[in-house]
Amino acid sequence: MSRSISTNNGSPKKNGRAKDKQIDTKAYSNTVLREKRSEKLIPSTGKPSFTDAYMQKSCENFTQLEKPQHLLVILDLNGTLVFRPNNGRQKTLVIPRPYSFTFLQECTTRYTVAIWSSARPVNVKSICDKVICPSVQKKIVAIWARDKFDLSKKDYDLRVICYKRLSKLWDDKIISRSHPEYLSGGRWDQTNTVLIDDSIEKAITEPYNLIRIPEFLGDLLEAGNILSRVSEFLHHVSMYSNVSAYLRKHPFILS
């Protein structure tokens with residue numbers, strides 16, 4: 001069973017607002033928010049890049065499998081699963097993306113799931129408690145926040161781009177041990193990991209492990225059944241031996 005980690009290194013607490021059903025968002029239907037998030041700065045450490053080894057592995061041939069392989073799925077929060085306004089009066093408001101509850105249930109049933117957000121730990125915990133019910137949170141192997149990006153103190157307090165180096169997750173002992181075949185040598189790497197995010201920049205170190213989706217801006221009538229289509233695509237990707245090689249040739253595209 002996957003181990004769940006909260007941002008305060010304890011188990012996620014049960015919250016009365018998080019129930020085993022989709023959050024009722026009808027109260028927001030008359031106030032659909034479409035705020036564009038402001039531009040972010042490059043951190044003081046500079047802009048990273050992918051390694052030669054990563055690119056070489058991404059260019060290898062891949063094969064179709066007889067049965068799906070188990071994936072590590074990394075989920076972003078704001079702009080991907082939820083919308084959280086920036087203005088002070090509505091900072092406590094969190095709007096789940098359509099189909100998000102079912103999507104999380106499907107992912108945590110089929111795959112190993114982690115959440116990685118650039119928001120501060122207290123905000124990540126608040127968002128998760130509002131939109132992810134306790135039974136689903138318990139299946140999530142890790143919930144990471146801004147403190148996991150190795151930012152300087154100055155950058156931590158600035159609006160900088162937070163690059164999601166997947167190798168940091170792969171090297172984490174708890175996440176590494178969540179691989180279903182860990183005891184027989186199975187490890188997470190670019191062949192079996194998917195990052196789902198609305199930003200290309202955040203995935204710059206492992207660009208071909210990204211499923212990029214449009215930024216969610218709080219529109220409860222959002223067209224396209226986006227998360228439903230991502231769920232179908234994840235199953236399709238799991239049928240191939242090398243995720244990064246497959247996504248390099250066949251990226252997720254909403255037609």
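Colleague: Which residues does Ser 238 touch, not counting residues up to four places away in sequence?
Modeller: This is a predicted model: local features need pLDDT of at least 70, side-chain atom pairs count only at pLDDT 80 or more, and totals for chains, interfaces and linings use all residues. Numbering runs from 1 along each chain as its sequence is written, and side-chain values use heavy atoms, without hydrogens or water. Contact means heavy atoms within 4.5 Å. Ser 238 touches Leu 65, Lys 67, Pro 68, Gln 69 and Leu 71.

Colleague: Is Ser 238 buried or exposed?
Modeller: Ser 238 sits in the loop between H8 and H9. Buried means under 20% relative accessible area, exposed over 50%, partly exposed in between (1.4 Å probe, protein chains only). Ser 238 is at 1% relative accessibility, so it counts as buried.

Colleague: How far is the backbone oxygen of His 235 from a polar atom of the side chain of Ser 238?
Modeller: Ser 238 lies in the loop between H8 and H9. From the backbone oxygen of His 235 to that side-chain atom of Ser 238 is 2.6 Å.

Colleague: What does H8 pack against with its buried residues?
Modeller: Helices here are DSSP runs (H or I, at least four residues), strands likewise (E, at least two), numbered from the N terminus. The buried residues of H8 include Ile 226, Phe 233 and Val 237. They pack against strands E1, E6 and E7 and helices H2 and H9.

Colleague: How many of the 11 residues of helix H3 are buried?
Modeller: H3 covers residues 121–131. Among its buried residues are Pro 121, Cys 128 and Val 131. H3 is largely enclosed by the rest of the structure, because its buried residues number eight.

Technical notes. A polar contact is a pair of N or O atoms within 3.5 Å; within protein, one must be able to donate a hydrogen and the other to accept it, and residues adjacent in sequence count only if both atoms are side-chain atoms.
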